[in-house]
Protein chains: 2
Amino acid sequence: MTRAESETLLRSLGLRPTPQRMLILQAILNSPGHICAEDIYEQVREEYPHINISTIYRTLELLKEHHAISVTDLGQGSVLYELLKEERHHHMVCLCCGKILEFDHRFLEPLEASLEEGYRFKAQIDHFAIFGLCADCQGEEDD
Amino acid sequence: MTRAESETLLRSLGLRPTPQRMLILQAILNSPGHICAEDIYEQVREEYPHINISTIYRTLELLKEHHAISVTDLGQGSVLYELLKEERHHHMVCLCCGKILEFDHRFLEPLEASLEEGYRFKAQIDHFAIFGLCADCQGEEDD
DNA sequence: TCCAATTGTGCAATTAGTTGCATGTGCATA
DNA sequence: TATGCACATGCAACTAATTGCACAATTGGA
Ligand SMILES: [Zn+2]
Ligand SMILES: [Zn+2]
Ligand SMILES: [Zn+2]
Ligand SMILES: [Zn+2]
């Protein structure tokens with residue numbers, strides 16, 4: 001079922017639906033939220049043990065360029081990937097407790113508008129991470 | 001002259017002003033804009049050939065934690081460092097031509113205010129990179 | 001001044017991610 | 001169905017950055 005879905009998605013992007021790419025995309029589709037390259041690798045290896053980690057990274061790079069997925073550093077050791085949907089969202093990451101909160105893309109629209117107005121710059125903000133202090137951690141010294 | 005400056009800065013942060021740290025800080029102070037770890041390394045090595053690259057990274061991490069410098073990925077192979085001044089600025093990076101433009105921190109103040117209003121989240125945005133298309137590159141297919 | 005505790009450094013090993021190159025595969029065309 | 005070409009993959013080498021550990025330097029207190 002997701003096999004057909006991922007094939008369709010790849011074709012719609014003009015990418016060849018190879019078995020490796022379909023499995024990579026399925027791993028991302030099946031993941032409830034953010035997923036790292038290593039976890040994708042392990043998931044794909046169960047079905048296709050011969051796959052190489054560089055194929056994972058190259059496919060992720062391709063999907064990112066086509067804005068099919070987002071690639072974001074949320075401050076954990078490795079970068080996280082997520083399927084990009086119509087409704088974009090972004091994250092606030094607490095530097096103190098590590099909590100990850102979510103906010104809607106409309107919070108960024110005024111910024112996009114002002115950069116376009118001021119510089120004719122068209123921002124492409126797929127999935128942002130903004131670091132700071134959450135409500136619980138303000139006033140604590142452990143910054 | 002900058003030797004005294006860097007020593008003062010380190011002491012004001014509560015950090016020991018070791019020769020390595022002073023030279024690292026001076027390399028950043030002397031750099032007109034953004035500088036990468038490797039360039040700092042080479043500059044410091046001229047005065048202190050024995051220094052190890054991990055000392056560079058550890059010192060940079062320390063300075064970042066104290067908000068003395070910013071650490072930003074502007075899409076070049078390695079991360080760039082810059083002295084943080086009172087007047088903060090950020091950058092727009094063109095995905096097409098690679099141009100790096102600058103904008104003032106006040107463009108981000110409405111976003112900071114709305115995140116605080118909406119989530120009581122205190123964003124700490126030292127030095128941002130926003131990717132997109134510059135005025136010259138809009139309408140070009142090479143995205 | 002001496003000593004112990006704390007902090008900083010060098011070194012080597014490790015991790016995450018990238019790249020060049022030779023081989024393999026998918027797909028259009030005949 | 002066969003052939004050729006562009007694209008995709010595996011592999012090994014590489015780069016940027018991080019970490020564990022032993023030793024070195026600095027500090028503050030006896
Ligand atoms: Zn997300
Ligand atoms: Zn928190
Ligand atoms: Zn800058
Ligand atoms: Zn441009």
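The side chains of Lys99(A) and Asp136(A) form a salt bridge, with 2.7 Å from N to O; a salt bridge here is a side-chain nitrogen of Lys or Arg within 4 Å of a carboxyl oxygen of Asp or Glu. This is a predicted model, in which local features need pLDDT of at least 70 and side-chain atom pairs count only at pLDDT 80 or more, while totals for chains, interfaces and linings use all residues. Residues are numbered from 1 along each chain as its sequence is written, chains are lettered from A and ligands numbered from 1 in the order in which they are written, and side-chain values use heavy atoms, with hydrogens and water left out.

## Exercise 1

Locate Lys99(A) and Asp136(A) and state which parts of the chain the pair links.

Step 1. Lys99(A) sits in the loop between strand 4 and strand 5 (100–104) of chain A, and Asp136(A) in the segment after strand 7 (129–133), 37 residues apart, and the pair thus links distant parts of the chain. Helices (H or I, at least four residues) and strands (E, at least two) are DSSP runs, numbered from the N terminus.

Step 2. Lys99(A) is partly exposed at 30% relative accessibility, whereas Asp136(A) is exposed at 55%. Buried means under 20% relative accessible area, exposed over 50%, and partly exposed in between (1.4 Å probe, protein chains only).

## Exercise 2

Describe the salt bridge between Arg11(A) and Glu7(A) and its place in the fold.

Step 1. The closest N and O atoms of Arg11(A) and Glu7(A) are 2.9 Å apart.

Step 2. The two residues are four apart in helix 1 (residues 2–12) of chain A, so about one helical turn separates them.

Step 3. Arg11(A) is exposed, at 53% relative accessibility; Glu7(A) is partly exposed, at 28%.

Step 4. Over all chains, the whole structure holds ten salt bridges. Another of them joins Lys122(A) to Glu116(A), at 3.1 Å from N to O.

## Exercise 3

List the donors of the zinc ion (ligand 1) and give their spacing along the chain.

Step 1. His34(A), His89(A), His91(A) and His127(A) each coordinate through NE2, and Glu82(A) through OE, at 2.1 to 2.2 Å. Donors are N, O and S atoms within 2.8 Å of the metal (3.2 Å for Na, K and Ca); water is not among the atoms, so sites may look incomplete.

Step 2. The spacing reads H-x47-E-x6-H-x1-H-x35-H.

Step 3. His34(A) lies in the loop between helix 2 (19–30) and strand 1 (35–36) of chain A and His91(A) in strand 4 (residues 89–94), so this pair ties together parts 57 residues apart in sequence.

Step 4. His34(A) is partly exposed, with a relative accessible area of 26%, but His91(A) is buried at 4%.

## Exercise 4

Identify what coordinates the zinc ion (ligand 3), and compare the accessibility of Glu82(B) and His127(B).

Step 1. The donors are His34(B) (NE2), Glu82(B) (OE), His89(B) (NE2), His91(B) (NE2) and His127(B) (NE2), at 2.1 to 2.2 Å.

Step 2. Glu82(B) belongs to strand 3 (residues 80–83) of chain B and His127(B) to the loop between strand 6 (122–123) and strand 7 (129–133), so the pair ties together parts 45 residues apart in sequence.

Step 3. Glu82(B) is buried at 11% relative accessibility, and His127(B) is buried at 8%.

## Exercise 5

Summarise the fold of chain A.

Step 1. Chain A has five helices and seven strands, in the order α-α-β-α-α-β-β-β-β-α-β-β along the sequence.

Step 2. Of its 143 residues, 39% count as buried.
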